[in-house]
Amino acid sequence: NELHHLLIMESLGGNENVVDRTLAQTMAFGYYWYVTVLYFFNEPAAYHLSELIEDHAYDTYNGFLTEYADKLKGMPVPPIASKYYVEDNPFMFDQFCTVKEKDAGDNFSERRPSLDTLYDVFVNVRDDEREHWKTLCNLVQFGDMQAIPAEFVESTKPKPKEA
């Protein structure tokens, strides 16, 4: 899923500048190993860090959608986004979305809007980040990806300090 987000961004020109590309790859490499080492010592802390990042990603995409809605609604869907969100097996979302908000038919995939514009693509990417966040909240708080239903998921809160 994250790979396809990256491919979509690259198709929009996100990898044209060698400095940006090198910086992003270096940061991703460093983040991966940092979280891997953290996970080795403290699984909930690693999940919590990822929870915070997914929440930030959702907020960032949401702000982007709000600010550029009119422009994005006038732009075409990149072929890689159509391939991933429409042509490929859309029911794979049922696999990565572990805290599902199901429709009447007990399907998760129904939540996907049609891809008519670039705006719809970014709505899907934003909503994917929210799905990741819900899974990570459950892992941090309950140690189980499907501990509580989607409508009850909330951000992890700090434990009160002992007196």
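This is a predicted model: local features need pLDDT of at least 70, side-chain atom pairs count only at pLDDT 80 or more; totals for chains, interfaces and linings use all residues.
A salt bridge is counted here where a side-chain nitrogen of Lys or Arg lies within 4 Å of a carboxyl oxygen of Asp or Glu. Side chains of opposite charge can pair when their charged atoms come close.

Glutamate 154, at 43% relative accessibility, counts as partly exposed.

A second pair lies within helix H6, which spans residues 118-142. There, the side chains of lysine 134 and glutamate 131 form a salt bridge with an N to O distance of 3.0 Å. Because the two residues are three positions apart in this helix, about one helical turn separates lysine 134 from glutamate 131. Both lysine 134 and glutamate 131 are buried.

The remaining pair to be described joins arginine 126 to aspartate 127, whose side chains meet in a salt bridge at 3.0 Å, N to O. Which class of accessibility does arginine 126 fall into? Its relative accessible area is 14%, so arginine 126 is buried, since that class requires a value under 20%. Aspartate 127 is likewise buried, with a relative accessibility of 16%.

Definitions and conventions: Residues are numbered from 1 along each chain as its sequence is written. Side-chain values use heavy atoms; hydrogens and water are left out. Buried means under 20% relative accessible area, exposed over 50%, partly exposed in between (1.4 Å probe, protein chains only). Helices (H or I, at least four residues) and strands (E, at least two) are DSSP runs, numbered from the N terminus.
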